[in-house]
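Please open the model in your viewer and keep the selection panel at hand. The stops below say what to select and what is found there.

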Amino acid sequence: MQFVHIADNHLGYRQYNLDEREKDIYRAFKECIDKIIEIKPDFVVHSGDLFEHPEPSVNALYTAIEGFKKLMEHNIPIYIIHGNHDKPRRDFKKSPFTILKKVLGDRFKTFFRKKCHIFEKEGREVFIGGNDFTSRSNVSTLHETYKMIEVDSKNYKDRILLFHQSLYSYSNLPTYEIQLDDLPQGFKYYAGGHIHQRILRNVGDGILAYSGSTEIYTYDEYEDYEKNGKGFYLVDISREDCDVDRIDIKCRDFVVEKGITDEESFKRFLEKLKSKNEPVVICSVLRDLSERLERALKSKKTLYNRITYLDGISEEEILDIAHMDIEEVFREFLKSRNYDVNFVYGIYDEVIRGRDLYKYLEDYFRCF
Ligand SMILES: [Mn+2]
């Protein structure tokens, strides 16, 4: 029995506010769907952040429906939880998954109320437990749900858990909601979302897995993409220990070179630039080398350039104003100051909704 584990497609995301980047995100998703159909697994589990926003654009919704409909036509059911990006932020707001459920029917399984489903094939049963993303301030309800799931799963040999959380020590995100021990015990496969790098570890008798994002969400994910690829996992659960295969897809090329300050780093930059196809270029360069760098960039078709000029004292960022995405610039600024980007955004969100911030701040500082 085989299943696919996928997560973090972020349909609708527009990096640098570019149409091309929005299309890249859709293309990556479609490539995953085509590959899944080729493989014909028994089912698919999705660990959240299918959409970039809880109220996705028409294009994003259309892409999701079209892709998942193909899976349905090939008789492949989907089990999906919400990530922090696609979970509605107010109780009365409908989830985008309600639309998908209307269109796709009963083989599109969510975990709104029911925290588990049983997949059955030829007399063999697989227990699939899952819970939507839960913030740190509500983590006690998550612990309760996990306890319940653990009890309900006891009689099943093959158990899978879907979660969309940052796990302590497994993530380079500065905050986390849970630790490994908090997850329900005895599962064969822990299918994670939220962390965008690929992670695959043996934990006890099971496997802890983050299948990662399916396109480059921030340029600092490119390094992991070059090393570990991006795409999804194919898991064979019929054996005593699961067998996991990495299935890779192609993402947008990036050239990231911070600190072009001498001939050696300049040469390295040129070599990278030459080998890539219409890349996004993110670099910082010493002023003395800037003319040569600009010449090199002119002779190559690139999608987007962000060049920071270094003159030893201050950094001046030159941006293509027409393509500037203020949110992205802000995120990068926060990162450069070592702030937790998600946290600051969470606060921002709360402020504009006029909420009391005290408990969030308290929560944040408690973890240091
Ligand atoms: Mn995500």
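**Before selecting anything**

This is a predicted model, in which local features need pLDDT of at least 70 and side-chain atom pairs count only at pLDDT 80 or more, while totals for chains, interfaces and linings use all residues. Residues are numbered from 1 along each chain as its sequence is written, and side-chain values use heavy atoms, with hydrogens and water left out.

**Stop 1: the whole chain**

Display the chain as a cartoon: it contains 10 helices and 16 strands. Of the 368 residues, 54% count as buried, that is, under 20% relative accessible area with a 1.4 Å probe and protein chains only (exposed is over 50%, partly exposed in between). Among contacts (heavy atoms within 4.5 Å) between residues at least 6 apart in sequence, 67% join residues at least 24 apart.

**Stop 2**

**Stop 3: Glu52**

Select Glu52, in the loop between strand 2 and helix 2. Is Glu52 buried or exposed? Its relative accessibility is 4%, so Glu52 counts as buried. Leaving aside neighbours within four places in sequence, Glu52 is in contact with His10, Leu11, Gly12, Tyr13, His85 and Tyr217. With the side chain of Tyr217, the side chain of Glu52 makes a polar contact of 2.9 Å. A polar contact is a pair of N or O atoms within 3.5 Å; within protein, one must be able to donate a hydrogen and the other to accept it, and residues adjacent in sequence count only if both atoms are side-chain atoms.

**Stop 4**

Colour the strands of the open sheet: 6 strands in the order 4-3-2-1-11-12, with mixed pairing. Its edge strands, each pairing on one side only, are strand 4 (108-109) and strand 12 (243-249). Two strands pair if DSSP finds at least two bridges between them. Strand 1 and strand 2 run parallel and are joined by 4 bridges; here His5 stands opposite Val45 in strand 2.

**Stop 4: aromatic rings on the strands**

Show the rings of Phe, Tyr and Trp (its six-membered ring), which pair if their centres lie within 6.5 Å; planes under 30 degrees apart count as stacked, over 60 as edge-to-face and the rest as tilted. A search of the whole structure finds 16 aromatic pairs. One of them is the stacked pair of Phe3 and Phe43, at 5.2 Å centre to centre and 5° between the planes. Phe3 lies in strand 1 and Phe43 in strand 2, so this pair ties together parts that are 40 residues apart in sequence. Both Phe3 and Phe43 are buried.

Phe43 also forms an edge-to-face pair with Tyr79, at 5.7 Å centre to centre and 80° between the planes. Here Phe43 in strand 2 is linked to Tyr79 in strand 3 (residues 78-80), 36 residues apart. Tyr79 counts as buried because its relative accessibility is 3%. To see one aromatic cluster, select Phe3, Phe43, Tyr79, Phe119 and Tyr189.

**Stop 5: a hairpin**

Move to strand 5 (residues 116-121) and strand 6 (residues 124-130), which run antiparallel and are joined by 6 bridges. His117 stands opposite Ile128 in strand 6. The hairpin has 2 residues between the strands, and Glu122 takes a positive phi near 45°.
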